[in-house]
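Dear colleague,

Please find the structure below, with the sequence shown alongside. My notes on what was found follow directly after.

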Amino acid sequence: MSYIIKGETGDWEIVVGLEVHCEVISKAKLFSGASATFGGEANTQVSFVDAGFPGMLPVINHECVEQAIKTGFGLNATINKKSIFARKNYYYADLPNGYQISQSDHPIVSDGYIDVDLENGETRRIGIERLHLEQDAGKLMHDQHPSKSFVDLNRAGVALMEIVSRPDIRSPEEAGAYLRKLRSIVRYIGSCDGNMDEGSMRCDANVSVRHPGEPFGTRAEIKNVNSIRFVMQAIEYEAKRQVELLEEGGKVVQETRKFDSTTGVTKTMRSKETAVDYRYFYDPDLIPLRLTDELIERLHKEMPELPDAMKKRFIENYGLTAYDADQLIMEKDIATYFEKAAKGHDAKKVANYIMGDLFGALNKLGKSINESPVSPENLGRMVDLINDGTISSRIAKDVFQFMIDEGKTPDEIVNEKGLKQVSDTSAIEKIIDEVIANNPDKVAEFRSGKDKLLGWFVGQTMKASQGKANPAMLNELLRKKLVG
Amino acid sequence: MTDLVELTVAEALDGLNKKEFTSVELTQAHLDEMAKARELNAYVIETPELALERAKASDERRQRGEKLGKMEGIPVGMKDLYCTKGVRTTACSHILDNFVPPYESTVSLNLQNNGSVMLGKTNMDEFAMGTANLTSYFGAVRNPHKDKNNPDKFLIPGGSSGGSAAAVSAGLCMCATGSDTGGSIRTPASFCGIVGMKPTYGRCSRYGMIAFASSLDQAGTMTRTVHDTAIMLESMAGYDPKDSTVVNIPVPNYEKALTGDIRGLKIGIPREYNPDKGLNSDVRHVWEKTAEKLKAAGAEIVEISLPSTKYALPTYYLIAPAEASSNLARYDGVKYGLRVDGKSLDEMYTNTRTAGFGKEVKRRIMIGTCILLEGYYETCYLKAQKVRRLLCQEFAEAYKKVDVILAPAAPETAFGKDDDSTKDPLKMQLYDIFTVPSSLAGLPALSVPAGFSDINGLPIGLQVIGNTFNEETVLRVAGVIESVSGMPYRPLRIGGK
């Protein structure tokens, strides 16, 4: 099902390309030895290189290069053995050199793709045009003084990977799925923490509309959207705006727009006429970056298992559905948790408990999977207790809640609280007999043909057993006794 | 004791080793000479206390018998382009005239670690942009040489390392650092009658050197003899992890290269360096005479052709300003240096840069900015880069046939500060015509005094241009030129002895 905007002049298709800036996880900045860690008092992580002092020169940090290469593998892309850094020239107070060192026509990574899974089960392949390395700028603070702006250069020079998709995205949902997939890939690799709310992953969206089959329309670029949901909203709004404009006989102008998340509206930031000419040219302070086959091979060997491979493995090894596998692999930590919990246990059931009870409980507690009070080993053990009949799945709900509240092992909880399932025929029969004896009129009704009352008897006997009776046995025995 | 300023570096090292005098005495002699010659305006800042302190430390090292540097106790001048920790460094621009670097450039640090003693910062063209040392915020430098027909004429020393050249020539230091982007060492060396060497691009670190055009800038030496050049170059060159363009190869023992024997060496004479117009007859005469003398010394003279030479100047004047426009963007009033406030950020930028930069610097920033704009980038900048590659190839071809190339350093001798040519920036560019090709190709090139003009009595330098990282052959040939020319190498002491 493609995403179509119905207009008066016919159907409209949207065309989206995303540019995502990922802050590279590394100890030091891209071209200086200054620390690249987040936080820290203003201007405490700044070297003379970062501050653009006279005579200072950039020297490439190979840790950042390796992160970019690994990410390139994650994007199924070509790693370019020669790439070149270029200067993007513009003036701003947060840009100490008056230029940003970036890569223009020779990026370190090009021509890749990622496959994204949609809710309807479809898989879409989104092309990646390139990934290049560049420096982040500093930060301006306008709220420190009535008439002055302050500059914090802690972020100036931190490495970014700019990942540019091809204009292959056709719906807000695909954009969302693409971003989630990209985030999961960089997190698996450990090249970016992917936290959009902290700005370590930022997204620009290029949006245009067209009648299906026609050439691309003029695009508008929506800058710096800071959550996946907002990106989806911004695309939806912008596409509608463009369709309305075109249908009224107007023209879309190539411009930079800004998304206001409070109103859900995009607004003009600057038009093409006022666009800056960045005067790109190769940075003469740096020599072309050449990668050896040895380095590329070593990094390829070091690649962790990525979401796609893991998904495939989860389906094949654990018999999960594609949908369930997707849910589990989206976050590396969840996948790791699942594998630990599923090891030697009923993986499908473990998966269900993770996606149902565990996610629900963590959500309520506001905790991440790594902070889960239920350890993966305990969850696996609980599933064993269900499967071997020690507890019923109904009791399991209680056991699970105790595990969340008290953090104990399921065995401890079952023993302490006496929650062990009653699977002893005579014990269950005894309870049934009592219930039958106490409700002669209901028994008569049942026997006269009111079958529906069976459920009522099940409830009563289960209640009398404090929920511990083995439900299957209880059902069978009850039926026998009632029928007489 | 006054005669100490007459010594060469090699002689002074010998005297210091033999305990004939101390570094403090040697340093003091130069400080005294500097005081007598302030009219040259060779230094923009003198650092006598620091110098004497370092000289004393050097003497103590010598006294204690510690391991000594290659230039232990030798007083040097430092071009104001090199950042010197705690000593104001301005590139002779108003925009940096309050800038005191908290770090030391690698070249000045190497020299310091080799025991040399910095006397002060020498005058230069603003941001090394100039051929005559007329663009300095601190005023023009005077060449200590005199036109025999007009002794009162204020002669320029050449640029951009004009302060260093004048200081070395007049005995205000034993040697000095220069920097060469398109001839900034070789032109003033030729005009002031000293030896100036630009080594191969990538031989010396650019860390802490205020950038003009990064792909061309190279640190170099200004001395009174070729032997001193060898000593000084060895003391400042070498790999530096802080500069990605420095090549990680060992620095040879340059003194050993000075064998005085050039028998069998092939010396190329490029016919494109001998145009009908644009080369003065006195310079041509010295060039031809020198070639004859080298032939007599056993070298083979080979005529060669470097056909793209005529494109070198326009190529240089596209690439250098383009890089400069970007390199100088950091001087914006935000972080250090001059700031002239304004009502907005843009206005502050404009006010600061309008007040802070001189005319020539602004001219080059504007040209460079324009060249990098969409449209011009393809037609000007990329084309210039192609010509640059072509020039490199032609030189590479030439070095299959010859060992070094012999050429004039400048088309004429030092000219007057108020000559008409100094008013026309395009005419001024023509002075770089023989130096920019080797700059674009990154080759080692040295200017050595080879004779006096028969017209005005001023010194004339010749260039020896070598193959990449082959400074040794350049030095060897230059050493022979020095001895066959018989040019004086004692300083021209304008304050008298």
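In these notes a residue is called buried if 20 or more other C-beta atoms lie within 10 Å of its own, exposed if 12 or fewer do, and partly exposed in between, with C-beta atoms placed from the backbone. The model is a predicted one: local features need pLDDT of at least 70 and side-chain atom pairs count only at pLDDT 80 or more, while totals for chains, interfaces and linings use all residues. Residues are numbered from 1 along each chain as its sequence is written, and chains are lettered from A and ligands numbered from 1 in the order in which they are written.

Most residues other than glycine have a negative phi, and most peptide bonds are trans. B:F127, which is not a glycine, has a positive phi of about 50°. B:F127 is buried, because 33 other C-beta atoms lie within 10 Å. Its place is the loop between β3 and α5 of chain B; helices (H or I, at least four residues) and strands (E, at least two) are DSSP runs, numbered from the N terminus. B:S160 lies in the loop between β3 (117-122) and α5 of chain B, and the peptide bond from B:G159 to B:S160 is cis, with omega near 5°.

In chain A, A:Q466 is not a glycine either, yet has a positive phi of about 60°. A:Q466 is exposed, with 12 other C-beta atoms within 10 Å, and sits in the loop between α14 (453-464) and α15 (471-483) of chain A.

Chain B and its helices

Chain B contains 16 helices and 11 strands. Of its 497 residues, 60% count as buried. Its C-alpha trace spans about 65 × 50 × 50 Å along the principal axes. A compact globule of 497 residues would have a radius of gyration near 23 Å, and the 21 Å of chain B agrees with this; the radius is taken over C-alpha atoms, and the globule rule is 2.2 Å times the number of residues to the power 0.38.

Helix α5 of chain B (residues 162-170) has nine of its nine residues buried, so it is largely enclosed by the rest of the structure. Just after α5(B), B:G171 takes a positive phi of about 80°.

Helix α13 of chain B (residues 376-401) has 26 residues, which should span 38 Å at 1.5 Å a residue; its end C-alpha atoms are 37 Å apart, which agrees. The expected span is 1.5 Å times one less than the number of residues. Among the buried residues of α13(B) are B:C380, B:Y381, B:A384 and B:R388. What covers the buried residues of α13(B) includes β16 (281-282) of chain A, together with α10 (309-327), α12 (359-371) and α15 (436-440) of chain B.

Contacts between the chains

How many residues of chain A are in contact with chain B? There are 24, and they meet 33 residues of chain B, where contact means that the C-beta atoms of two residues, placed from the backbone, lie within 7 Å. By class, the chain A side has 15 nonpolar, five polar and four charged residues. Here Ala, Val, Leu, Ile, Met, Phe, Trp, Tyr, Cys and Pro count as nonpolar, Asp, Glu, Lys and Arg as charged, and the others, Gly among them, as polar.

With kind regards
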